[in-house]
Amino acid sequence: MKHFSFILLAAILMGSAGTVAAQTKKKTTGSTRSGGSSSGYSTGIGLRGGGYSSGLTIKHFMSGKNGVALEALVTTEYKARGARLTLLGEKHKAISDIQGLQFYYGAGFHAGAYQGRYYFADTRYYRGRKNTIYFTRDYIYDDATYVAFGADLILGLEYKMEDLPFVVGVDYKPYFEVFNGYTGFYNDAAISLRFTF
């Protein structure tokens, strides 16, 4: 079910990307947008709640950079003691048919440290003349401290409320991570709410 929701979110975002690409070809002559002005704000601070991790988000548009923003995330994973700092560079493109709606994409990196981790240890063994398979699964907590770092991608939509100083966003953020000598590729999707100024 979790994988299905990630696939559905990715399909929606990629469909939006196609809409944005088609609409950028139909630019009207009277509308020029640059820098953070097309977003309706220059800085936003708020909360990001995801399926894998949650925390604080700060996004700031670079002046005169044509929709380029830097986003910093300070998050923690569920059932983990520690934190992760993620820095992302993002390119925003306005969707002209809906005022305040933007599509964005970007990349970045993260680093963090966690004390303790939860994992499952599987054991399988055969017993008897018919080689009956017995399976046990133990839920183990490890209290060591681990350092994690890796690379991130992000794809999302955000909507700046017209009469309120808030931005609501949804994003899909897959990332590659090196954790205690192991590597892995993870998927995360989240909803964000930021106060803008």
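**Salt bridges and their burial**

Colleague: Why is the contact between K59 and E158 called a salt bridge?

Modeller: The term requires a side-chain nitrogen of Lys or Arg within 4 Å of a carboxyl oxygen of Asp or Glu, and because the closest N and O atoms of K59 and E158 are 3.0 Å apart, the pair qualifies. K59 sits in strand β2 (residues 53-61) and E158 in strand β6 (residues 132-160), 99 residues apart; strands here are DSSP runs of E, at least two residues, numbered from the N terminus. Bear in mind that this is a predicted model, in which local features need pLDDT of at least 70 and side-chain atom pairs count only at pLDDT 80 or more, while totals for chains, interfaces and linings use all residues. Residues are numbered from 1 along each chain as its sequence is written, and side-chain values use heavy atoms, with hydrogens and water left out.

Colleague: What makes K59 count as buried?

Modeller: Buried means under 20% relative accessible area, exposed over 50%, and partly exposed in between (1.4 Å probe, protein chains only); K59 has 0% relative accessibility, so K59 is buried. E158, with a relative accessible area of 2%, is buried too.

Definitions and conventions: Helix = DSSP H or I, 4+ residues; strand = E, 2+ residues; numbered from the N terminus.
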